[in-house]
Amino acid sequence: MSSAFELNGVTCRFGDLVAIDEFSLSIAEGEQVAFIGPSGSGKTTLIRLLNTTAVPSDGSLSVLGDIIADQSVESLRVLRSRVGTMPQHLGLVENLTAIQNVILGRGGQRTTLRSIRDLIIPSRSDTEKIHQLLRRVGIEEKLFTMVSKLSGGQKQRVAIARALFQEPEILLADEPVSAVDPARARDSVRLLTELSGELGFTLCVSLHHLELAKEFFPRLIGLRQGRVVFDGAPDSLKDRELESLYELTADEMMADA
Amino acid sequence: MNSTIGKWGRRRWIVLGIVILFLLCAKSLGLTPAGLVPPDETRWERAGAFFKAALSPAMDYQDENVPEDAPPIWLKGLYGLLLTLKFAFGGMSLAVPLALIMGFFGSSSWWPEPRGWFLDLFLRGIYFAFRFLMSLLRSIHELIWALLILSAFGLSPLAGMIALALPFSGTLGKVFSELIDEESRDAAAALKAIGHRPLQTFFVGTLPAALPNLITYSLYRFECALRSSAVLGFVGIETIGLYIELSHEEFYYNEVWTYFYLLLALIVLVDFWGAGVRARLNSHKGACEA
């Protein structure tokens with residue numbers, strides 16, 4: 001089974017802050033993994049490392065078999081177009097319509113001029129494909145609605161559709177359900193895992209809903225202060241390990257407050 | 001306690017300083033309160049007549065030499081308004097594309113990251129060059145531009161439009177570049193993460209996000225362009241300002257007020273229309289927000 005991500009002794013530093021500390025991790029293609037841990041444990045930095053928007057200060061990282069340190073700016077960009085990312089804030093363009101936002105999913109694989117044209121006159125085949133995608137995520141009637149007029153849950157679906165339109169080999173999602181009510185959160189996470197199963201892409205989602213993670217993901221990776229403290233199936237996550245994962249030190253409690 | 005008193009004292013000194021500065025300027029300019037009062041009887045009469053005429057704007061030409069078949073004054077006034085609009089619209093139509101180009105080069109949000117030292121130097125050079133150009137354009141008032149262009153090209157409608165377009169493109173361009181740079185980079189960052197190039201994220205992410213603000217500001221500038229266009233009449237370009245100036249020269253104050261009121265009506269109308277468009281552009285922000 002080929003590799004999606006290989007991290008070997010990766011450290012990621014921002015000034016004095018060590019966000020990721022000597023991380024070694026291996027994720028195979030097609031896997032579904034949840035990153036769990038308290039705020040500040042390094043989940044977002046890990047996602048940024050995996051989509052190459054953050055660079056390791058030490059250690060080696062390879063994505064889809066390509067070693068990051070060996071890549072040129074252009075080949076990194078091409079690599080990124082094969083990896084979909086849903087950032088925490090969604091990163092949608094509020095005063096474009098749903099279809100316009102979704103069509104930008106393929107921007108990394110198209111020229112700048114084509115992207116501009118896509119916004120003004122999308123091709124018929126793109127429009128149909130996007131319509132189907134929006135139907136799959138349950139908001140097909142919002143095709144031409146401006147994103148600013150959508151609810152939080154609907155915006156999230158647009159973000160998912162944009163990621164799907166990209167046809168990525170890997171999908172990363174950073175806290176996709178932190179601002180959503182519990183029922184909607186379950187639906188969204190279930191949707192992501194179903195799509196990953198159907199379409200075969202590797203799925204890595206960072207969550208702080210432990211229950212959701214245990215319910216939908218066959219592999220959990222627990223982070224704490226930038227280190228891996230747990231890597232395995234949900235059943236084998238013992239109570240003691242759970243405690244150590246979520247037990248806040250005095251510093252962390254101050255940071256959270 | 002001492003520091004609070006000290007602070008109040010400092011503010012008081014600054015205000016005092018400003019008042020003294022004002023008095024010094026006034027003295028050196030030869031201003032006296034007596035200067036507000038017209039020196040002789042005729043000037044009093046004229047001032048009085050001017051303001052009295054506000055109450056009775058002319059319905060007919062005051063000049064007896066105007067031929068019988070000439071259009072009625074209100075029609076001429078409307079024609080003047082039309083010309084004013086045309087110059088304003090024409091000037092803005094030239095200014096906006098210029099401003100978009102200059103604003104783009106005067107903003108830094110589309111610069112690729114990372115970039116080598118050469119590219120960095122080059123981009124910074126262009127950035128400062130365009131910001132300087134925009135400052136230059138807008139520091140020269142449209143009336144001065146008009147005089148410059150008229151002396152070079154003579155009295156022509158194109159000259160009038162360019163005289164408006166140049167300073168307005170400078171102001172618009174500067175504000176455009178600031179609006180673009182202040183726009184949230186969330187969308188651009190998200191697009192970069194999925195493989196968009198820097199220029200691409202600018203055109204499909206940052207620019208669409210900034211567009212409502214750009215449009216709103218352009219509409220506001222259009223209202224300013226109307227006023228400036230009217231004022232261009234005072235250097236001979238045919239807008240309603242010219243009619244005002246000609247009537248004023250001949251002391252036909254009632255005519256002056258007729259034209260004033262028409263101009264006022266136009267500006268108020270455009271103001272309302274602009275507010276309506278702006279409300280619709282911003283309506284996406286949600287009904288519960290102020």
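This is a predicted model: local features need pLDDT of at least 70, side-chain atom pairs count only at pLDDT 80 or more; totals for chains, interfaces and linings use all residues.
For the terms, strands are DSSP runs of E with at least two residues, helices are runs of H or I with at least four, and both are numbered from the N terminus. Two strands pair if DSSP finds at least two bridges between them.

Conventions: residues are numbered from 1 along each chain as its sequence is written, and chains are lettered from A and ligands numbered from 1 in the order in which they are written. Local features need pLDDT of at least 70, side-chain atom pairs count only at pLDDT 80 or more, and totals for chains, interfaces and linings use all residues.

I then looked inside the sheet. β3 (residues 32-36) and β9 (residues 219-224) of chain A run parallel, joined by 4 bridges. I looked up Ile36(A): its bridge partner in β9(A) is Gly222(A).

Next, the interface. I found 29 residues of chain A in contact with 21 residues of chain B. Contact here is C-beta atoms, placed from the backbone, within 7 Å. On the chain A side, α2 (73-81), β6 and α4 (112-120) give two or more residues each. That side divides into 9 nonpolar, 16 polar and 4 charged residues. Asp, Glu, Lys and Arg count as charged; Ala, Val, Leu, Ile, Met, Phe, Trp, Tyr, Cys and Pro as nonpolar; the others, Gly among them, as polar.

On to chain B. I logged 10 helices and 0 strands. Its C-alpha trace spans about 75 × 65 × 50 Å along the principal axes. Of the 290 residues, 33% count as buried.

Last, I picked Phe176(B), in helix α6 (residues 157-182) of chain B. Is Phe176(B) buried or exposed? Phe176(B) is buried, because 26 other C-beta atoms lie within 10 Å; the cut-off is 20 or more, with 12 or fewer for exposed and partly exposed in between. Beyond four places in sequence, its contacts are Ala99(B), Leu100(B), Gly103(B) and Leu214(B).

Terms used: Two residues are in contact if their C-beta atoms, placed from the backbone, lie within 7 Å.
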